[in-house]
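Subject: Structure for you to look at

Hello,

Here is the structure you are taking over.

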Amino acid sequence: MNLEKKDSEAREDGLPAAAPDLVEDCQRELIDNIVPTLGHSLIPIVGLGGSAGSIAALQEFFHAMPADSGMTFVVVVHLASDFASTLPEMLARCTTMPVSAAEDGVEVKPNHVYVIPPAKYLAVLDGHLRLTTLEHERGKRVAVDLFFRSLADSHGPHAAAIVLSGADGDGTIGIKRIKERGGLTIAQDPEEAEHDGMPQSAIGTGMVDWVLRAAKMPQNLLEYRAHGQDLRVPPEEGPPRPRASEGILEEGEAALRELLAYLRLRTGHEFSYYKRATIVRRISRRLQINGVADVPSYLTFLRTNPGEVGALLQELLISVTNFFRDRASFEAIAILVPELFRGKEPGDFVRVWIPACATGEEAYSIAMLLLEHADTLETAPGLQIFGSDLDEIAIQMARKGKYPEAIAADVSEERLRRFFAKEAGSYQIRREVREIVLFTTHDLLKDAPFSRLDLISCRNLLIYLNGAAQKRALDIFHFALRPHGLLFMGSSESVEEGSQLFHAMDKKHRIYMQQPASQARLPILTGPSTDLYALEVERPPGRRGLPGRSFDRTASTAIELPKGLEHLSAGELHYRLVERLAQPSVLVNPHHEIVHLSEQAGRFLQFGGGAPTMNLLHLVHPALRVELHAALLKATETGLEVDVPRVPLEVGGVTRWVGIRVQSARELAPGFLLVVFETRETTPEEATGIEPLHQPAMRHLERELEMLKIQLRDSLEQYEANTEELKAGNEELQAMNEELRSASEELETSREELQ
């Protein structure tokens with residue numbers, strides 16, 4: 001493998017020559033997919049990243065750090081590229097550890113300090129430092145991010161990332177990778193930092209374990225490492241057998257089971273389908289962070305510290321990704337994008353699903369590829385991209401579409417200009433991209449999947465799931481894809497050889513094609529819940545159960561149904577009979593949109609011209625509209641049942657009296673309303689004696705209200721269009737401001753070094 005060539009290739013897209021995911025790409029076969037991480041015998045490395053104002057913090061840090069900590073320290077700061085740095089000499093006066101400028105290929109040693117040279121990118125690969133020439137960054141600062149990513153991929157839980165003073169967002173993406181790989185993340189207290197941009201940006205990710213003053217960091221690092229050597233946690237390979245003499249679980253195992261049950265109760269998420277080793281290691285990291293020795297003690301800590309539940313949940317969900325992760329793989333899928341459009345008419349859609357989309361970067365990356373190809377077509381089909389994840393916080397961030405400046409390491413200059421709007425300290429996804437991507441919370445293994453898909457991009461999710469869950473996920477993907485649809489997986493994931501569901505189109509880049517089956521079926525979820533079998537812990541003998549046989553499935557009496565209805569359950573038969581015998585009814589939500597209607601309710605509805613709608617007031621027969629509107633408003637305001645006097649209505653050539661009853665669902669479904677239509681036929685005498693109901697004033701007011709709504713909508717659209725134009729006008733000014741700020745940082749760093 002020619003790494004020198006891999007690093008030094010010139011790029012015309014403005015991206016750094018050093019691949020952000022160099023280690024993940026070069027050593028994908030060595031990365032342990034449990035956390036994932038590389039082994040447990042590596043030298044712990046602490047990466048310190050900063051910019052303007054960070055030198056004083058570095059001096060305080062090394063003054064307080066003992067010379068025999070057993071850790072390696074690598075300093076990555078933004079240095080002026082036009083003269084030699086004196087930073088190694090400055091730090092050498094603060095510590096007795098050897099301090100030197102990093103050299104390409106040097107093997108890292110414990111109790112040593114390595115400082116990045118000017119005009120270089122720095123990475124760590126296979127226990128050695130790697131240097132790459134720094135091209136002109138055009139105002140971008142990504143050196144800290146690139147180092148943190150390589151450190152995370154090469155050292156996993158033996159890595160620690162510290163973000164110090166700086167005026168930009170460099171390091172923000174890197175600490176997310178450190179967190180993903182099980183490492184420790186620290187940010188300097190913004191109140192102490194001379195420039196709080198970098199620490200604040202890191203803290204805003206929610207991935208920072210500690211926020212500390214520089215002088216306090218060494219002691220916390222030493223305690224963290226010491227706690228890691230004293231942890232007492234259940235084995236990763238599986239739970240021990242219960243002792244037959246006592247019939248109880250080992251204390252730590254029982255506490256682990258109870259912990260997961262408590263987490264499920266508090267958050268609604270279960271982790272029974274995660275790899276056991278992943279769960280044990282992630283919980284172990286929380287023990288280290290909080291200075292707790294064993295799982296029973298941590299369970300007590302979890303119950304008495306409400307904020308820890310959310311921290312543990314984030315630890316297990318691992319909502320981390322970045323734009324175009326693994327450049328080569330995204331270049332490979334980009335080549336196949338035209339196949340997704342083949343045979344599509346302007347009224348068709350290219351549909352894509354990204355399960356475990358985290359904070360949205362992968363979904364937006366796919367959206368950019370589709371939009372770029374769509375622009376080359378004379379008439380392009382519509383685009384629909386669905387991003388789903390368990391983490392509600394991550395989904396909210398994805399919907400906002402706002403990302404730190406450090407994404408410049410992953411997104412080309414052309415794409416930054418086209419698909420992003422530059423804002424102060426961040427990039428905002430433009431509306432044209434956001435409009436084709438829908439984000440939602442969704443459990444891949446529990447909820448119904450999206451369907452009729454042309455592409456599923458599920459990268460770096462299956463590595464965390466056990467074998468049964470992986471098989472179910474692949475079954476779901478096969479069902480959801482159209483015939484010959486594409487499945488795009490992560491660099492450490494694959495479909496087993498000889499699979500009847502998928503065959504490899506590009507095995508190196510993990511791209512597979514769906515193989516049509518004779519009959520596509522959605523697999524039914526089977527397996528234990530977290531409550532009963534968390535981490536496959538066996539129920540101990542002699543455990544008390546519920547008395548009697550009323551809860552025994554095998555003891556239930558079979559119900560025989562008439563011939564031809566064997567496929568129906570008794571509940572479904574009951575529901576059908578109620579539907580047939582009851583009065584026609586409609587269930588509507590708080591916006592008066594139809595959620596469900598009975599079989600006979602369609603007689604009172606009719607579709608008119610214009611755009612389709614599910615609003616009951618637009619669909620109901622015009623003769624009933626005014627009275628129904630008033631009844632809905634009154635039922636919503638009072639919460640009481642509202643009856644409307646019967647009015648004459650001709651249905652199918654027969655005049656009938658129609659009454660309306662509106663009833664609130666109350667606590668069963670707050671805001672929902674049930675509308676029941678009560679009818680009976682009229683006699684000729686009744687029909688001739690009925691006077692038509694005229695309410696011209698109310699109908700006139702309704703027309704005026706509709707006109708006002710249209711005018712308001714037009715005004716809002718015009719306002720949003722003007723806002724977009726103003727944002728576009730400010731982009732050039734913001735870009736110039738970033739260049740000036742970058743030059744100011746270099747002058748600030750040079751001044752500090754001269755002092």
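A contact here means heavy atoms within 4.5 Å. Among contacts in the protein between residues at least 6 apart in sequence, 72% join residues at least 24 apart.

Keep in mind that this is a predicted model, where local features need pLDDT of at least 70, side-chain atom pairs count only at pLDDT 80 or more, and totals for chains, interfaces and linings use all residues. Residues are numbered from 1 along each chain as its sequence is written, and side-chain values use heavy atoms, with hydrogens and water left out.

Of the 755 residues, 50% are buried (under 20% relative accessible area, with a 1.4 Å probe and protein chains only).

Now the aromatic rings. Rings of Phe, Tyr and Trp (its six-membered ring) pair if their centres lie within 6.5 Å; planes under 30 degrees apart count as stacked, over 60 as edge-to-face and the rest as tilted. This rule gives 18 aromatic pairs. In one of them, Phe-323 and Tyr-403 have ring centres 5.0 Å apart and planes at 85°, so they are edge-to-face. Both Phe-323 and Tyr-403 are buried. They also belong to one aromatic cluster, together with Tyr-364, Phe-420, Tyr-427 and Phe-439.

What is the arrangement of the rings of Phe-604 and Phe-677? Their centres are 4.7 Å apart and their planes at 15°, so the pair is stacked. Phe-604 counts as buried at 1% relative accessibility, and Phe-677 is buried at 0%.

Regards
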